[in-house]
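Please consult the sequence and structure shown here alongside the text.

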Amino acid sequence: MKHLSKALMMTAVLGLAACTSGDRFGANGGADGYGAGAGAGANGGVVPGSANDPRSPAYFNQTIGDRVLFRVDQSSLTPEAQATLDAQAGWLTTNSDYLAVIEGHADEQGTREYNIALGARRANATMEYLISKGVAPNRLKIISYGKERPVEICSEEACYAKNRRAVTVISMGLGS
Amino acid sequence: MKQVLAQALALGLALVAALGLALPNAAQAQDGPLRIEITEGTIEPMAYAVPSFVAETPGAQQYADQITQVIAEDLTGTGLFREIPRDAHISRITSFESPVQFADWKAINALVLLTGAVSEQDGRVTVKFRIWDVFAGNELGEGMQFAATSDGWRRLAHKVADQVYSRLTGESGYFDSRVVFVSESGPKDQRAKRLAIMDYDGANVQYLTDSRSIVLAPRFSPNGERVLYTSYESGEPRVHVLNVGAVQSQIMPAGGGVMSFAPRFSPDGNKVVYSVTSGSNTDIYMRDLASGNTTQLTFTPAIETAPSFSPDGSRIVFESDRSGSQQLYIMPASGGEPTRISFGQGRYGTPVWSPRGDLIAFTKQNQGRFHIGVMRTDGSEERLLTASHLDEGPTWAPNGRVLMFSRETQGASGTSSLYSVDVAGRKLTRVRTPDGASDPSWGPLQ
């Protein structure tokens, strides 16, 4: 329980940081969820805000999965990606207080400018899919980081595959 | 940050004033046979000797030695010239005015001899020099002198080297120039980036931004006073314009979408071409900086980016994946139907038009390797100058004879550095920077 309460404190701090960013999406300058605010919703039974709480961002990030992966130089959604996004759309529909920034990323096998455009294609494909599943467009926006923010740093396909991604970063809306 | 730059600015102004004192009518075209042609084939570097410049005042010895060394590094770094080591010299130059013993320099096969002297007084350094055609036994052009505040001594050396280069090749030099680039630190997944300016050889690095936001691909204006770059400061990537002297930057309104990037100035500095992303689509736009008028130049659903003007401003080369993969195209500067110019294997990106107008440099990806290459403007005579895990983003030296680019090494500990390569692909040199570096943009000859 000790480290759990610590985790709660940390999410509370993150939430504050998101509020001061001045951007209603609360993802100013961050990547991969640096700006993800946390909901402190009170849920009976499970620890609120933990990955066991289906209404928590931690549940969204860990249990549903906050990211989808892409093939080399592609922005079309694989069946696996679509399944993840179906679940993301369901969560976003249920938890309508949250907004989401979809961050598009590319691996290092490409020129810088092209990869920004490619990351935008990936983020946009993800956003369009979520909209087609009922998420209101005004709750979503996209940013491309090109190849600037890899999560894996080896120069092999195992790493590249994880870097070719679109990450749905959720945050609380201003009205909540 | 501001303090450092204000200091740098003060130095710059002092230099400009000082260089105004250069002797008039000094650069005179020689008509002798001593000239090295810059060709694309293999050549034998021209042998030269440069004894340490004579210190004419008590405090000048250190400047004399350093200036001589930088001149030699500039010249030898081109690959066109080969320095004959000092320990092979027979004659000693002890006075700028004493006659040259040509036989002593012939004996060690020096074709060119460079002599000079340096004096220092009240914080100002003055350098004078003469270039000698050893086998003809006469002076090549007339002697010149340059002066600057003492902290500008490197520029004095570059000025002398530019004169030597120019008189021996018949082309303008590129040593007294600066490069704006992205200074990098930290591992790949936490890389901090900030804009910086340095001399072309990596000396005198000054930082223009802090590392709180991602910054990408700075581009000098033609006169070197402004820099376009892409910053994530507002969240999304947006084109910014930075005034180098005042160190003030602002977002350039892009029109058409939130994300804007890949900017470049027109040759007259009045317009900017750049990319705007809207949804999944990236197109090229042009903005007139005075009027604020924004024009969309491409209209396909493909990725169109990395635009670069021809030196006469009439055309724009850019990359597009409209054919299914990244390729190079040229269109009129007003937009309109483009012509594809790249047809080789692989993907072509980041085209840059040579300031001479004759060539287009590009990044090529093929079979898991990256190359910097050049082709003629009709796409013919493609030549690859480099090959590595990741080379990208070439920029031309102001005389169109050398390219600088970024090279990222492979693997988890990979870092990015700047390299230069001459247009014949003979001389590949790593540019010494204090930290990692990427995205160079070469400014004008000062």
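The model is predicted. Its largest nonpolar core comprises 50 residues. Those with the most contacts inside this core are B:Phe53, B:Ile67, B:Ile71, B:Leu75, B:Phe81, B:Leu114 and B:Val118. Helix H4 of chain B (residues 153-169) provides the largest share of the core, namely 8 residues.

The surroundings of B:Val118 can be given in detail. Leaving aside residues up to four places away in sequence, B:Val118 touches residues including B:Phe53, B:Ala60, B:Tyr63, B:Ala64 and B:Ile67. B:Glu56, B:Thr57 and B:Thr126 are also touched by B:Val118.

| Quantity, chain B with chain A | Value |
|---|---|
| Residues from chain B in the contact | 41 residues |
| Residues from chain A in the contact | 31 residues |
| Buried area | about 3000 Å² |
| Salt bridges | 8 salt bridges |
| Polar contacts (both at pLDDT 80 or more) | 17 residue pairs |

Carbon and sulfur atoms give 55% of the area buried between the two chains. A salt bridge joins B:Arg347 to A:Asp73, with the closest N and O atoms 3.9 Å apart. On the side of chain B that touches chain A, at least two residues each are supplied by strand S11 (215-220), strand S15 (259-265), strand S23 (347-353), strand S24 (359-366) and strand S31 (436-445). The residues of this side of chain B comprise 14 nonpolar, 15 polar and 12 charged.

Conventions. Residues numbered from 1 in each chain as written. Chains lettered and ligands numbered in written order. Predicted model: local features only at pLDDT ≥ 70, side-chain atom pairs only at ≥ 80, totals over all residues. Heavy atoms only, no water. Core = buried A, V, L, I, M, F, W, Y, C linked by side-chain atoms within 4.5 Å. Buried < 20%, exposed > 50% of the residue type's maximum accessible area, 1.4 Å probe, protein only. Helix = DSSP H or I, 4+ residues; strand = E, 2+ residues; numbered from the N terminus. Contact = heavy atoms within 4.5 Å. Buried area = accessible area lost by both parts, 1.4 Å probe. Salt bridge = Lys/Arg side-chain N within 4 Å of Asp/Glu carboxyl O. Polar contact = N/O pair within 3.5 Å; in protein donor to acceptor, adjacent residues only side chain to side chain. Nonpolar A, V, L, I, M, F, W, Y, C, P; charged D, E, K, R; others polar.
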